[in-house]
Amino acid sequence: MGEVIEIGSTPVTSRGASVAPTPPISAPPSQYHSPSLSRSPLLSSVDHIQPENASKTPLSSTPKTSTPKIRTPRFITPLGSPLRRALHLTKLDPQDAWLPITESRNGNAYYAAFHTLCSGIGIQALVLPVAFTILGWTWGIINLTVAFIWQLYTLYILVQLHESTETGMRYSRYLQLCTATFGEKLAKWLALFPIMYLSGGTCVALIIIGGSTSKMFFNIVCGGTCSAQPPTTVEWYLIFTSAAVLLSQLPNLNSIAGVSLIGAITALAYCTLIWVISVAKGTLPEISYNPVRGNTEIIRIFDILNALGIIAFAFRGHNLILEIQATMPSDEKHPSRVPMWKGVKVAYALVAASLFPLAIGGYWAYGQKIPKEGGMLTALYAYHGRDTSQFLLGLTSLFVIINAVSSFQIYAMPMFDDMESKVIQRTKKACPWWLRAIFRAMFGYGCFFVAVAIPFLGSLAGLIGGIALPVTLAYPCFMWLKVKKPTMYSPMWWLNWVLGVSGMALSGVLIAAGIYVIIDTGIEASFFKPH
């Protein structure tokens with residue numbers, strides 16, 4: 001008991017003639033994360049305890065430097081103590097050190113705030129005033145507030161569930177947590193498609209938005225003075241995609257922290273510019289704030305559901321929270337959930353400071369005249385394109401483009417991670433740089449092909465968004481119930497059951513509304529003809 005024994009990440013070879021079976025790789029209790037200082041998942045040889053020779057050598061003939069001294073954990077306790085026995089050694093996944101999400105574990109609260117803000121606010125927030133035209137002032141503000149608090153709570157749940165103090169496991173990807181909670185088969189049915197859509201589908205939408213806004217920016221800057229032939233819409237998509245693919249060569253999630261910072265700043269900037277300019281110009285003549293009512297009861301119901309869907313879809317990024325938290329170091333004394341939650345609180349304070357003025361100010365300025373397609377951005381150019389400085393209009397467009405390129409990186413990272421994991425599982429070694437570059441180019445230009453081939457994908461956003469909504473509002477509540485097992489009929493038990501069931505119900509009615517809209521209004525299926 002009096003002797004302090006240092007332990008390493010690999011077992012020491014037995015001194016006897018027979019070698020004992022090698023136990024699974026484990027880490028000191030101070031390490032909840034895979035090694036990430038190199039591309040190799042195993043510690044370098046200088047960090048290992050070297051096995052002693054089978055034949056004993058005199059003590060005088062053994063140099064003192066023959067066995068390198070390993071680093072001990074932040075706290076040292078005898079192996080026989082109750083505290084040491086109570087701790088679980090964390091199993092390492094050697095492949096984690098080779099994958100772009102978990103390759104670097106040097107993140108912090110600032111990086112978390114950058115990534116969360118960049119992924120949590122985007123162009124979809126500009127259509128929030130459209131929901132107010134149906135719900136009106138009172139119900140619009142109430143529903144926006146409830147949705148903000150609801151998704152912030154599910155975000156908190158995900159941050160808490162990222163690491164288990166009982167098993168010592170870190171769930172570095174949303175699908176991993178779903179699999180551990182619901183089982184592999186059920187997790188694939190429930191979460192695989194929504195998660196892939198929230199990554200790949202968002203990247204396709206960003207190409208459409210970025211390419212279209214680039215065309216708009218060119219027209220503002222060039223005006224009628226340019227003699228050169230402007231690029232076509234498809235060519236703008238290609239230019240935007242090429243820029244995104246070039247930037248995607250940054251190796252891992254931590255390496256794009258600066259990109260996420262730029263994306264977060266530009267998102268805040270264009271949201272603020274749009275609502276400030278709109279409010280400064282005052283209300284439009286002859287506007288009305290009376291809620292829009294359909295001709296039939298069915299149309300009214302589905303209009304309300306569509307408005308609720310717009311508010312629910314304004315908040316995004318839950319499928320990336322576990323991945324962002326995975327970039328942080330973690331141990332018993334300094335769990336990653338503490339800096340992660342600090343970063344999330346700062347990020348969502350800024351999200352609220354952007355979304356609420358955007359929704360309220362936009363509805364005040366345009367009322368029922370707010371365009372359904374494009375929302376505030378379209379309204380700004382349609383109603384104030386001539387009486388607003390071209391510099392401000394061009395700057396707003398430029399901010400939208402930069403934010404789209406930056407957001408592409410963080411939303412594409414789970415797809416990059418998945419593609420590389422398939423190779424690593426087969427080859428049992430890190431993905432070479434040239435293959436990584438090919439994968440990322442293939443994904444980027446694959447999204448470009450979908451954006452060109454199916455430009456009406458936005459018409460299906462309500463239907464597909466309804467399928468993906470439980471990832472944000474329902475699944476985290478059910479995972480909390482399964483993992484934490486709160487006392488039956490306790491306040492936490494009731495809260496998570498009510499929110500989980502409500503989220504699934506809302507998803508169901510939004511899917512029904514999306515199907516109804518497609519059947520009622522139809523879809524202009526213009527393949528390979530982007531507008």
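Which helix does Leu 273 lie in? I looked that up first, and Leu 273 turns out to be in helix H7, residues 257-280. Helices here are DSSP runs of H or I with at least four residues, strands are runs of E with at least two, and both are numbered from the N terminus.

Ground rules for my notes. I'm working on a predicted model, where local features need pLDDT of at least 70 and side-chain atom pairs count only at pLDDT 80 or more, while totals for chains, interfaces and linings use all residues. Residues are numbered from 1 along each chain as its sequence is written, and side-chain values use heavy atoms, with hydrogens and water left out.

**Leu 273**

Is Leu 273 buried or exposed? Leu 273 is buried because its relative accessible area is 19%, and buried means under 20%, exposed over 50%, partly exposed in between (1.4 Å probe, protein chains only). I then listed what Leu 273 touches, skipping residues up to four places away in sequence: Leu 392, Leu 395, Thr 396 and Phe 399. Contact means heavy atoms within 4.5 Å. Thr 396 sits 123 residues from Leu 273 in sequence, yet their C-alphas are 6.9 Å apart.

**Whole chain**

I count 17 helices and zero strands in the protein chain. Of its 531 residues, 49% are buried. For contacts with a separation of 6 or more, 83% join residues 24 or more positions apart. The accessible surface is about 25,700 Å², and carbon and sulfur atoms hold 66% of that; areas come from the Shrake-Rupley method with a 1.4 Å probe, and for residues only the protein chains shown count as cover.

Helix H8 (residues 297-313) has 17 residues and runs 24 Å from first C-alpha to last, close to the expected 24 Å; the expected span is 1.5 Å times one less than the number of residues. Its buried residues include Phe 302, Leu 305 and Ile 310. Helix H3 (128-161) and helix H17 (491-521) are among what covers them.

Next I checked helix H14 (residues 461-468), where Leu 463, Ile 464, Gly 465, Gly 466 and Ala 468 are buried. They pack against helix H5 (184-222), H8, helix H15 (470-473) and H17.

**Surface patch**

Which residues make the nonpolar patch of about 530 Å²? I found Trp 433, Trp 434, Ile 438 and Met 442. Patch residues have over 30% relative accessible area and no salt bridge; like charges are joined within 9 Å, nonpolar side chains (Val, Leu, Ile, Met, Phe, Trp, Tyr) within 5 Å. A salt bridge puts a side-chain nitrogen of Lys or Arg within 4 Å of a carboxyl oxygen of Asp or Glu. Met 442 lies in helix H13 (residues 433-453) and counts as exposed because its relative accessibility is 54%.
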